[in-house]
Each structure stands twice: as C-alpha cells, then as structure tokens.
Amino acid sequence: MHSAPVSTTPDTALPPWQRWTVLGIVSSALLLIALDNTILYTALPTLTRELGAGSSQQLWVINAYPLLMAGLLLGSGALGDRVGHKRIFQVGLLVFGAASLVAAFAPTAGVLILARALLGVGAAAMMPATLALIRLSFADERERNLAIGVWAAIATVGMALGPIVSGVLLEHFWWGSVFLLNVPIVLLASALMLVVGPPNLTNPARRWDALSSAQALVGMAAAVLAVKTWAEADANRTLAAAATVVAVVTLTVFARRQRRLATHTEPLVDFTIFRNRGFSGGVVAAGVSVFAIVGLQLVITQRYQLVEGFSPLQSGLVVSVLAVASLPFALFGGAVLHRVGLLVLIGGGITASAVGSVITVIAAAQDSLTLLVLGMIVVGAGLGASMSVASTAIMGNVPPRRAGMAASLEEVSYEFGGLVGVATMGSLLTLVYARAIELPAGAEGWAGQAPAAALASQDAQIVAAAAESFDAAFLSVLTAVAAVMVIGAVVSAVLLRRYTPGTPSQLYPNNH
C-alpha cells in the first residue's frame, strides 16, 4: 500500500466521529505506555521474590524501559516524519505487543530486563506518533487544545494508575499478568487504526540521523548508570567514573553534531528553540511533573508493602489518589488555556504540587497515612493542571517545520524526567537505607541485603532495624521530591511570567 503524497499543509480534515476515534486509539496506546512506566512499582516485591532479582537488577527491570524509550525518541520522531507517523505507530504497537508477551513469561530477571528494553523500543516508536496523529486529525485550535489536554490527562492517569492496576492483577493472577494485559489492547488499537486512521503522510526528503540517535541513547544510558552507581552504598568507583566520562563525552559530541547539522540540514535537536520561554516552560513542566509522580509512587508503594504489610492492591490504592485528583484538572486545563494562559496553569499547577509534596514530607515525619493521602491529592491536582497544557506549550511555540522535533523533545522530557526520578530516587532510597541501618550484634551479614529480604526475616530485631532505616530512607526521598518540585515551581514561574491571562500562549496556534 502506497503512502499519501507529501504535503506541507495536509488537508486531513476528518469528520468528528473519526477524529475523536483516532484520539481514542492513540490514547489507548498512550495509556499502555504510561502504565508500563509505573506498573512494576507494586509488583517489584513479588518480582524480587519469585525471580530472585538483586538490588541492581530491580533498578534495571524498572529503568530499561524508560531508558531505551528516552534514548530512541529523538530518532523515532524524525523517522516518523520520513515514513509516516501512522505507519511507525502501527509498527511500534506490534513491537510493544510482542515484547509484552516475552515479559509476561520471562523465566529470569535477565530475560525480563531484555523484554522491558524491547518494550521501550516499541513505546519510542509510538510516542511521538500519538501526538503527531492528533495534530493531523484536529484542525481547529481550541478543539485540538482539548484533545491534547485529554492526551496529557491519559498520560498522567496512566502513570498514576500503574500501581493500582498491578495491585488488582496481583490479587488474582501471577505477576506476568501486568504485561499480558497489553496484548488485547494492542491488537484492537492496531485494527482500528488501519480502518479509521488518517492518511499516512510521508516525507522522503526528511533525513533520519541514526548516528545522532545512537549518540543520544549511549549518552543517556551512561548518565543513568553513573547516577545509579555513584549512589550505591559500596559504589564501584571505576565503573561510576567510566560511565560519567562516557556520558559527558558522548552527550557533548551529540550537542556539537546537532549544532553543526543545523547549519545545512535538519538536526535531531535544534537547541535554538529553547530560547522560546513558552517552549522551555513546557519542557520543564513535563520533566518535573513525571519526576514527582514516579518518585512518589516508587517509594510509597514499596514502603507500605514492606514496612506496613499492605497487599499490592492496598498500596496501589494509596497512590491512586494522584490519578483521581489529576484527571478533572487535566481536562479543565486544556479547555480553559485560551483564557487563563500558561503561567496560571503551569506555574500555578507546579506550585500547588510543591505544596502537596511538602505535605507528604510532614506526613512521613509524623507517620500519618491520612496526611500523606491529602498531600498526594494536592500534588495530583497541581500536576493535572500543568501537564494538561505542557504539551500545547511545547507544540504551539515552534514553527511547523520543527513540529516533529518538538514532539520528540516533549516525549523525551516526560521520559527522561521519569528515568531520572527512578534512578536518583531509587538510588537515594538504597543509599540512605544502607547507611542508616543499625543491625544487632551477629547480624552484620544482613547489611548488604535488599530491604525486602531483611524485612522478611524471622528475627524481630533485624526486622525492626530494617523498618527504622527504611523509614529514614522514605523520608529522605520524599524530601528530595519536594525540593525538586519547589525548584521546578520557581523556574517555571520565571520562564512563563509573561504568559498571563489574556496573552497568547502559542506563537503557532495552527501548528498541526
């Protein structure tokens, strides 16, 4: 089947039922991508026990997925411009479905890590395409803002619902069911996109820079490995130093290559677009928001399972309030952006989330579940408002010829925010736990064990020591998340200070 001809301003006007169906299709795929970012947080203790995963393997089971996705997003956006976003969306769906099957029946932690990496490849192909297909399907600015608001709401809700969906499945099925869930949705979305999707618009003249994509992947992988290794209690300093050097050198070479390519061709990243404060404010909002979501969910689900004895479903319900609180504000933000502007929704939303994060710190210090839930409600409401318009700020403040690049950068900001959140907060949790634990005489061998192992011990003294040190680590992570949110609130408010109510929020409102 041949693709539709190239057009710089394609007439892809679809009837209402068709364009909203397309939104439903890409949203279902986005929901799966977002769920898989956080669905293992609740299942992690079960995985650790049944697959015998060590502390390092646990981090890589979680990190392999967003790492591959973040590293490949820039290249996949450009590839989508070349071969068509509909086509690459469908390919990504099939890869995602196949990887889900492998993950569901993985016999070892190593196989699961490889399957999670393959899931990241499929997700990287789909993510920029979801936003591009919305741009192609919705021509009216306000309708498109609402559609992007729905898109952002699905992303937020998906990440927030990951632990509770996992908890429900683990109550009734084995841990592999959290991946098997993806398969029927992938098949249905693939069939529907073939039938009702927009034309597959291609641009053979668009260059796909495989070298730059590889540099981005290697650079970010090395950066995450460096952060993780330096934060370990008994850090392998040689490995940490080597990873740091590789990250700095590779990302420097990548940045220089992009600046050189910008003078005569289309780079993966044109750094001049960051001069637009609306665009930069959207990127900051996206990254900080996901950092907060994964940071809170990672430690809260583990703490209440390991220390308080909650079931996976119960711990999932604790963090589900993030989704409940974010959804109405995400939909509201997309609908009123043209009236209230970016400063109120993004700056105000992240500020509210910072306040909520501080409340969670107070709750941890007082060991109050009620106060913790209240703090997460405030965090969810603020993030819903900010994330609903972050994508619009990013896409609406770059010229149409840079739209594919902007979509990729927007996805990178989400995924890298989550990746850094998991790597740094997971490492901080492990570091503080290892430094804080004070074991009874004769039990020193437990010092190098994962918290789950020590907390499952039959020795009451070991369990008490592990619980006390885990709570210290829990408080440290919540404090770090709150600090990042406060910084994010200040930065976003400064960047967006001119985007007040009544002022245009987009330089290119017709960028679709």
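**Helix packing**

Reply: Helix α11 passes α17 in a left-handed crossing. Keep in mind that this is a predicted model.

Me: At what angle do α11 and α17 pack, and how far apart are the axes?
Reply: The angle between α11 (residues 277-306) and α17 (residues 460-495) is about 165°, and their axes are 10 Å apart. α11 is therefore roughly antiparallel to α17, because angles over 145 degrees count as such.

Me: What classes of residue make up the contact of α11 with α17?
Reply: There are 19 nonpolar, 5 polar and 3 charged residues in the contact of α11 with α17.

Me: Staying on α11, is Q305 buried or exposed?
Reply: Q305, which lies in α11, has a relative accessible area of 11%, so Q305 is buried; the cut-off for buried is under 20%.

Me: Which side chain does the Q305 side chain join in a polar contact?
Reply: That of S315, in a polar contact of 3.4 Å.

Me: Other topic. How do α1 and α4 pack?
Reply: α1 (residues 16-38) and α4 (residues 85-104) pack at about 40°, with their axes 12 Å apart. That angle makes α1 oblique to α4. The crossing of α1 past α4 is left-handed.

Me: Which residues make that contact?
Reply: From α1, the contact is made by I25, V26, A29, L32, I33 and D36. From α4, the residues are F89, L93 and F96.

Me: And how do the residues of the contact of α1 with α4 divide?
Reply: Into 8 nonpolar, no polar and 1 charged.

Methods. Residues numbered from 1 in each chain as written. Predicted model: local features only at pLDDT ≥ 70, side-chain atom pairs only at ≥ 80, totals over all residues. Heavy atoms only, no water. Axes fitted to C-alpha atoms, helices over the stretch in contact; angles between N-to-C directions. Helix = DSSP H or I, 4+ residues; strand = E, 2+ residues; numbered from the N terminus. Parallel < 35°, antiparallel > 145°, perpendicular 65-115°, else oblique. Left-handed = near helix turned anticlockwise from the far one by under 90°. Contact = heavy atoms within 4.5 Å. Nonpolar A, V, L, I, M, F, W, Y, C, P; charged D, E, K, R; others polar. Buried < 20%, exposed > 50% of the residue type's maximum accessible area, 1.4 Å probe, protein only. Polar contact = N/O pair within 3.5 Å; in protein donor to acceptor, adjacent residues only side chain to side chain.
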